Structures are given as structure tokens and as C-alpha cells.
Amino acid sequence: MIGLLILFTFLAIIVVALGAILSKDITQSVMLFMGVGLGSVVLFFIFQAPDVALTEAVIGTGLSTAVFLLGIRHTSQEEAES
Amino acid sequence: MNLKKELRLKHIILSLLSSALLLSFLGLLMQVKTNTYKTVGDIFLNLNMQTATANAVTSVVTFFRGIDTVGEVTVLFLATSGVALMLSSTQRTSKKVVKQESFVLHVGSRLLMSVIILFGVYIVIHGHLSPGGGFQGGVVIATAFLLLFLANPNMSLSHGILTLGESLSGSAYVLVALIGLFKMNILLGNFLPHPVGEIGELVSGGIIPVIYILVGIKVGSEMSVIVEYFIKEDYYKEVYDA
Amino acid sequence: MLLFLGYLLGLLGTTLFFISGIGLLRMPDTLTRMQAATKASTLGSLLVILAVACFEPQWTFKLVVLAVFILITNPISSSVLAMTTYKRFYKNVYNTSGADAFRDDLKKEEK
């Protein structure tokens, strides 16, 4: 049963990561990358590493997404200017 | 046209590779159970009984591998310095241009910020009892500041207090390590009383909660500064363009 | 009895999530899509939390904190999203219903 859950999570991570690679919109791809982080949180928790899961939840899905989005806002402004 | 074909081929190869990887792990995944190997983890778990912390990971991070934590904190400090050096080069104007924020956002962000900071402090203080610790709690506190900055661009942190907290906690960390060296002949020696009987209580584990609180202050202030630089630089740029 | 109630509430909550997902895919424009995504999923998560409280009564306090958090964050984010959408896309669209309080507020601000 737990193996099936792990398998499902792995599949979801692969699908979301492929979506992040293939999507044309860069903001959408950052959002899908956040989904990869969420899936790995579940995996870390199943594999009995709650400390790492907490770190991933805060940094991987919270701060890094925010920093990515701010960076995108930055660079797209510069591109529009030139 | 050619590029398109190449991309498609790449995608097919990529999906085939990932499915092959999945299939090869399938056999392993279906029989996951808690094996009892004799590994380094068991040795640490046995040693953990001496440090009297309920969370074994914390005792490894702050005690057995304490030097690594010092290194991590140093790396974080260097990263913060780099961000500050890179992003603070634009000339800073004092308070300018106020965008009207909505009332709901104004009240709600402040309400949420207090809750998030409370949660971060909880994670930091209970680092030796439950999952989490200084790094995670510090980042949670920084997330609260991120929310505040996103809701209100006119907000600014007082850098004096942040720098003071960051440097004081850093020096206190080194001081704790050195006191351990003098008293116990080990760097980061656990010189405070840590009876094993008190395991699981809030005040237990000797210097381990102290170290985690110091790390929490340091990480929280550094991350807040990074977030502030990222948002503020953007904001000032907008002001200049307008 | 409590267990049965929990199953029922969980089923209801997941059904609401399902409806919200369908709405997110099928609705034509931003405001209606947001309506489906936020309102239905807020109620759905509250019902699921209630279901968990029925299964594990000793977790009630933590679950109440969780519910309050969801009740604060979801409406605020949806309200801000709606306001931004309105300001960007719907400011100059003619409103047939006659009453539009937010537009009046915006006009007052501009003056």
C-alpha cells in the first residue's frame, strides 16, 4: 500500500517535472517546479525524514519560488526596455 | 523545423529514460520496510542517549557534526554578503511613491505575519524535541517578512537591529563552542547539565537548544535581508523608471 | 457513528474539490474561474478537516488552528486577485447589473 503511494508520488513528480520543462511560459514553469518540491516533501515524509521534509517545504516551495518569480520580474523588465 | 524535430526526439528519450528508471526502481519500492542494518546511523542513535535530545537528527546536526553547522552558517553569511554587495549598488532613495494597498490585504497580512512568526519561533524552540530547528524556523520567519514586503512595498526593515542580531548570534555561537573547548576539551562540548532522565522536556539537552536558537536568529535575519534586497531593488528600479 | 460521519464529511469535501477542479477547467474567464477555485476549495478543505476531527478527536485543537489559517488566507488571496483582475481588465467594461461598489470606490480614489 505504502509502495503504491510512493509510486504514485514518483509518477506525479515526473509528470510535473516534464511539464515544467516543456511549458512555454516561464512563470508557469516556475509554478510547476514548485509542484516538484511538493512531491518531494511527501516522499521525504514517507521515507521518515521529517526534518528534510520541513526544510524542503519551506525553502523549496516557499522562498525559492518567491526568489525565482522576483528574478523573472526583474529580467523581463530589462528585456522589455531593450 | 529541424530544431523542432530534435526537441521532440529529446522529449521522447527523456520520457523513456524516466520510465525505465521508474521500472527499475519498482521492484525495490514495492518492498519498502524498515530494515535493521548496522550502519553509522545506529551508532549515532546509540550515542544520542548521552546527549538527551528527543530528536536524534538535531543532536547529530548541532553536536556530532557541529563543525559542519558552523560551515553552513558561514556559507549563508557569505551568500548574504554577496547578495547585499550585488543588489545594493543602485542608489537608494528615501521613501517615495505610495501605491494604495487594499484594506483587506493591509489587515490580513499583518494578522498572518504574527501567526507565521509565532510558528517559526515554535519550530526554533522545539528543535530538539520535534522535526525542525534553527534553519527551518529561521526561514519560516523570513517568509513572514516576505509576505509583509509583498503586501506593502513601503515597508522597510531597520538594518541596524538585523545586523546587530545576526552578528551577536554568530559570535555567541563561536563563544559557546569555545567555552565547550575550554571546559570539556572538545569544540562544542556540552558543558551545560543534560541529565538523560529529562529527555523530551523543553529544557533539556544542555547546549543544543541554545545553539539552535542562535542559529535560528542568525538564519532568520540573514534570510530577511536577502528577501528585502530582492524586493527593494526591484521597487526602487520601478520608481526610477517612472 | 462518529466514524460514519467522518466518512460522509470526507466524501462531501472531496466532491467539492472535484467540482472546484472541473470549474477551474471549464469556466470561461478569470473571475468565474477564481470563484470556482477559491470558494469551493475553501469549503472543501474545511469539510475534510472536520472529517479528520471526527476520525481523530484528540487532534481537534490543531485542526481548529489549521481551519482558521485556511479561513484567513484563502479569502484574502482571492480578494486581492479579484481586485487586481478588475483593475487590469474590467475597469472600462460596461456593467449591466447597475450596482458596482468597487468601481465607485476606485473613482473616489482617483479624485
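In chain C, 29% of the 111 residues are buried, where buried denotes under 20% relative accessible area, exposed over 50% and partly exposed in between (1.4 Å probe, protein chains only). The structure is a predicted model, in which local features need pLDDT of at least 70 and side-chain atom pairs count only at pLDDT 80 or more, while totals for chains, interfaces and linings use all residues. Residues are numbered from 1 along each chain as its sequence is written, chains are lettered from A and ligands numbered from 1 in the order in which they are written, and side-chain values use heavy atoms, with hydrogens and water left out.

Chain C contains four helices and zero strands, the elements being DSSP runs numbered from the N terminus (helices: H or I, at least four residues; strands: E, at least two). From the N terminus on, the order is α-α-α-α. Contacts, defined as heavy atoms within 4.5 Å, were examined for residues at least 6 apart in sequence; in chain C, 59% of these join residues at least 24 apart. Chain C exposes about 7,900 Å², of which carbon and sulfur atoms supply 70%; accessible areas come from the Shrake-Rupley method with a 1.4 Å probe, and for residues only the protein chains shown count as cover.

Helix α3 of chain C (residues 60-90) has 31 residues, and its end C-alpha atoms are 43 Å apart, which agrees with the 45 Å that it should span at 1.5 Å a residue. The expected span of a helix is 1.5 Å times one less than its number of residues. Buried positions in α3(C) include Leu63(C), Ala67(C), Ile70(C), Ile72(C) and Ile76(C). Ser78(C), Ser79(C), Thr85(C) and Tyr86(C) are also buried in this helix.

Chain B comprises eight helices and zero strands, in the pattern α-α-α-α-α-α-α-α along the sequence. Of its 242 residues, 39% count as buried. Among contacts in chain B between residues at least 6 apart in sequence, 73% join residues at least 24 apart. The accessible surface of chain B comes to about 13,900 Å², and 72% of it belongs to carbon and sulfur atoms.

Helix α4 of chain B (residues 66-87) has 22 residues and reaches 32 Å from its first C-alpha to its last, close to the 32 Å expected at 1.5 Å a residue. Its buried residues are Gly66(B), Thr69(B), Val73(B), Leu76(B), Thr80(B), Val83(B), Ala84(B) and Leu87(B). These residues cover an arc of only 100 degrees around the axis and therefore lie on the same side of α4(B), the arc being that of the directions from the helix axis to the C-beta atoms. An α-helix has 3.6 residues a turn, so residues three or four places apart point the same way. The face turned away from the buried side of α4(B) carries the exposed residues Ile67(B), Val75(B), Leu78(B), Leu85(B) and Met86(B).

Ile67(B) also takes part in a nonpolar surface patch of about 570 Å², together with Val174(B), Leu178(B), Leu181(B), Phe182(B) and Leu187(B). Patches are made of residues with over 30% relative accessible area and no salt bridge, like charges being joined within 9 Å and nonpolar side chains (Val, Leu, Ile, Met, Phe, Trp, Tyr) within 5 Å; a salt bridge is a side-chain nitrogen of Lys or Arg within 4 Å of a carboxyl oxygen of Asp or Glu. Helix α7 of chain B (residues 159-184) gives the most to the patch, with four residues. Val174(B) is located in α7 and, at 46% relative accessibility, counts as partly exposed.

Lys218(B) is buried at 8% relative accessibility. Leaving aside neighbours within four places in sequence, Lys218(B) is in contact with Val73(B), Phe77(B), Glu166(B), Ser169(B) and Gly170(B). Lys232(B) is buried, with a relative accessible area of 4%. Lys232(B) and Met155(B), 77 residues apart in sequence, are 9.4 Å apart in space, C-alpha to C-alpha.

In chain A, Gly37(A) lies in helix α2 (residues 26-46) and is buried, with a relative accessible area of 6%. Not counting residues up to four places away in sequence, Gly37(A) touches Glu56(A) and Thr61(A). The C-alpha atoms of Gly37(A) and Glu56(A) are separated by 6.8 Å, the two residues being 19 apart along the chain. Gln48(A) lies in the loop between α2 and α3 (50-81) of chain A and is exposed, at 61% relative accessibility. Most residues other than glycine have a negative phi. Gln48(A) has a positive phi of about 60 degrees although it is not a glycine.
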